Amino acid sequence: MNISLNWLATHLDLAGKSIREIDDLFTFAGVEVEGIVSKGIASEKIVVAQVMEAVQHPHADRLKVTHVDAGEGSLRQIVCGAQNYQVGDKVPCALPGTALPGGFTISETVMRKVESRGMLCSAAELGLPAGEDGLLILPADAEIGKPVREMFDSDSLLELEVTPNRPDLLSHRGMARELATLLKTSLQPLEIPSRSVGVAPTSAIQIDAPAACPFYTAVRITGVTVTDSPAWLKQRLEAIGQRPINNIVDVTNYVLHELGQPLHAFDAAKLSGGIVVRHAADGEVFLALDASQPVLTTDDLVIADASGRALALGGVMGGADSGVTADTTDILLESAYFTPAGIRRTSRRTALSSDSSYRFERGVDPAGVLTASALAVKLMLETAGGTAEATTLAAGAAPVLTRPVALDVPKLDQLMGGSIELTEAEAILTRLGLTKLPDATWEVPSFRADLQRHIDLVEEIARVHGLENVPSRLLGSFVPASPSDAAYDADMVLRRRLAALGLHECQTIKLIAGHQLGDALLSRPLLEGDVIRVKLPLSEDHAVMRPSLVPGLVASAVRNVSQQVKSLRFFEIGRVFRNAGGGKAKDQESDSLAMLLAGPTHPVGWAQPERNADLYDLKGLLAALLGGREVRFAPKERAGFVLACDIKVEGQVIGVFARLAPARERELDFTAPVYVAELDLAKVRKLLGSLSHVADLPQFPGSSRDAAMELPLATANAQLEAVIHKAAEPLLVAYECFDVFTDPTGGKLPADRKSLAYRFHYRAPERTLKSDEVEAAHQRLLAALVANLGVKFR
């Protein structure tokens, strides 16, 4: 919500209070200030100065050295580059310490070896609409030394976020009332003439839905002239970002932002008979002011005339067929109280929102209905002329939403730590508009329906008194580490390691679309009964509780590719959901870690050619993440993926690895292979929590042997690794494959065969191995490969 500081100042005295002080007051009182926009000239240090002398700068052709009279009793020397002024002109002078728009602060300086003690300003430099090039020339009769801001309209706009429980703050009067409480000052009285109120006959106002609209009032004004609003009214609305329309509509908008009570003006000539407040018929179509045509249900409230035609969607938006136009001469002014739940339901379902619905769905002050109507009548007569009926017609009764609340004094003293006297606490409640009753309870004003309990009063006292004034009596006590603490610490270690390895953390929503289930990478196949579907999803994109983190990472990668990002390095730590046993057991939640790699591994340059990430890059990341532990991939097919494997560490499966199917990569516009992995976070935490073993650097040299072997083309590398591990050769410390050869033509090697070259490293920790010991160990290993896989050595 936007609040104009000038408008606010019409309700209370803000003299001597800077915008920053007001910002702090609101913030510490629980009203979030999202932004401050200044209009016009804000600083008092920009004053009217007269140019008394201007001579050429001795060291710069385009600069002049001026001496100006700024009302200080002596002349001030300022270096200036403008050319549009003459000696005797009066111009704005920014004194040292002035903060100009854009965060620029004026200070005394030396320009080309000449001292300059300020700055002569142009209109643009002051934040005013740009005029001619050069300095802003002020009127000849401007008073020397006078702050320039007094000669131009200036204002500050505060963008405030009001919590849903404080609808009383959704107006300038409400915000002024809050500030007056915090500043211990009084509010300016509202000049609103009283009007007589009469019970409306059913022929004039008939309420058929009293639960949705318990109170409805109307005033007829005849002989109005619809035209542009006066300047002051336009200025008020434009200051908060509202677009003036005409004097009638502008008055209703002004009163809404002044008092917080929405109003609506009907063209009386377009009405047939009296007003009927009723529920809509199921399937009834309504033509709104914004030209939309929502289809209504019986839960929606409409304002109709005697013919049954809907004139407005109650509390939400007026109708296109009954609005005020330039030809309107008679109007019917509506002011009513609508039940918040109904307005909120209609606004959400029809996707229609307005300043009125925003306030009605949070709850307006029932006692303010007649006050707002009276103020609007007064302003309409002043701006549009005409004659108003002497009596405001009313149907129903304004609901009473508040009740007396007792203040528990001992509890107040306990919660406030004895930091406030009872008399001061009662003074705060009085400033908030409450009245102490003879039975020591407090009568709550109608605009504070949120104050229902004792603790609500204590919260208000603490808020106004200042939480910083409540003493802290207890220091933090020791709490032993819990499993949750250990899990959090382990996750932070993982995050830091992954970030150090060049990955970016993603945080995706826990709800995914049904079509994203095809991207889920799971250790067990996903059956239909395993999927947890949302009964009433907000949209089709949020219909399923995610069983895997990979769909969210893939969607994030797609968005990055659409923004021309080529190198994709993502990870996410989060919770996944599924049923166990095909939906026959309870829902299960578990924590997972997912990673995604795709695209170039390093920036392209002349010294190194481009290389896309592959499965070995991801395997290396996993090894680095897990403290150098050996990571093995065990092939296991999974639908929708290729190169799918189980990830094994220390003999246990800790996760799943795969590449997206090429068809899926093309469908999502990826230009490079996409590799993903998802790990069971509980198992990863356990690995990180186990003792890390550190080995001494080898003191004795080792020896290597190479072996070239021929074996069937379909034999996986994992099968060789399994045989090597099973052999458990004590002298073998490392091995790697350094060459692969195939010949699809069958010329040099049968097409169904391949040749692999491995290098094996042998070492003993306590001595230097002899050649025959190395050879014996090597032959034992080769014999195991022959016996288990039938390889042939070349």
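Which residue stands opposite Phe-657 in S35? The residue is Ala-677, as the first of the following close-up views of this predicted model shows.

**Figure 1. Strands S34 and S35 pair in the antiparallel sense.**
Strand S34 covers residues 652-660 and is joined to S35 over five bridges. Within this pairing, Phe-657 faces Ala-677 of S35. Strand S35 itself covers residues 674-680, and six of its seven residues are buried, so the strand is largely enclosed by the rest of the structure. In general, strands of a sheet pair through backbone hydrogen bonds, and the pairing may be parallel or antiparallel.

**Figure 2. An open sheet is formed by five strands.**
The order of the strands is S14-S17-S18-S19-S20, and their pairing is mixed. At the edges stand strand S14 (205-207) and strand S20 (317-318), each of which pairs on one side only. Inside the order, strand S18 (residues 301-305) and strand S19 (residues 310-313) are paired in the antiparallel sense over three bridges.

**Figure 3. Val-91 is a buried residue of strand S6.**
Strand S6 comprises residues 90-94, and Val-91 lies within this strand. The relative accessibility of Val-91 is 0%; because buried means under 20%, Val-91 counts as buried. When neighbours within four places in sequence are left aside, Val-91 is in contact with several residues, including Val-47, Val-48, Ala-49 and Val-51. Further contacts of Val-91 include Leu-120, Leu-135, Leu-136, Ile-137 and Leu-138. Ser-122 is 31 residues away from Val-91 in sequence, and the two C-alpha atoms are 8.5 Å apart in space.

**Figure 4. The structure holds zero disulfides.**
A disulfide requires two cysteine sulfur atoms within 2.5 Å. Cys-93 is also buried, with a relative accessible area of 0%. Another cysteine, Cys-506, has a relative accessibility of 11% and likewise counts as buried.

**Figure 5. Gly-118 occupies the loop between strands S10 and S11.**
The loop lies between strand S10 (114-116) and strand S11 (119-120). Is Gly-118 buried or exposed? With a relative accessibility of 10%, Gly-118 counts as buried. Not counting residues up to four places away in sequence, Gly-118 touches Ile-78, Ala-94, Pro-96 and Ile-106. By contrast, the C-alpha atoms of Gly-118 and Ala-783 are separated by 91 Å, and these two residues are 665 places apart along the chain.

**Figure 6. The largest pocket contains about 880 Å³ of space.**
The lining of this pocket consists of 32 residues; Leu-615, Tyr-616, Lys-619, Asn-717 and Ala-718 lie nearest its centre. Two or more lining residues are given by each of several elements, among them helix H14 (615-625), helix H17 (717-727) and strand S32 (631-635). Strand S33 (641-649), strand S37 (732-741) and strand S38 (753-762) also belong to this group. The largest share of the lining, five residues, comes from S33. By residue class, the lining divides into 21 nonpolar, two polar and nine charged residues.

**Figure 7. The largest cavity contains about 50 Å³ of space.**
How many cavities of 30 Å³ or more are counted? The count comes to one. The residues that line the largest cavity are Arg-166, Asp-168, Leu-169, Gly-174, Arg-177, Glu-178, Thr-181, Leu-432, Phe-447 and Arg-448. Of these lining residues, three are nonpolar, two are polar and five are charged.

**Figure 8. Leu-643 and Glu-650 have positive phi values.**
Leu-643 is a residue other than glycine, and its phi is near 55 degrees. The place of Leu-643 is in strand S33, and this residue is partly exposed, with a relative accessible area of 45%. Glu-650 is not a glycine either, and its phi is about 55 degrees. Glu-650 is found in the loop between S33 and S34. At 59% relative accessibility, Glu-650 counts as exposed.

Definitions and conventions
Residues numbered from 1 in each chain as written. Predicted model: local features only at pLDDT ≥ 70, side-chain atom pairs only at ≥ 80, totals over all residues. Heavy atoms only, no water. Pairing = 2+ DSSP bridges. Helix = DSSP H or I, 4+ residues; strand = E, 2+ residues; numbered from the N terminus. Buried < 20%, exposed > 50% of the residue type's maximum accessible area, 1.4 Å probe, protein only. Contact = heavy atoms within 4.5 Å. 1 Å grid on protein atoms, 1.4 Å probe; cavity = no way out; pocket = protein on both sides within 12 Å on 5 of 7 lines; lining within 4 Å. Points joined across faces, edges and corners; volume = space filled by probe spheres on them. Nonpolar A, V, L, I, M, F, W, Y, C, P; charged D, E, K, R; others polar.
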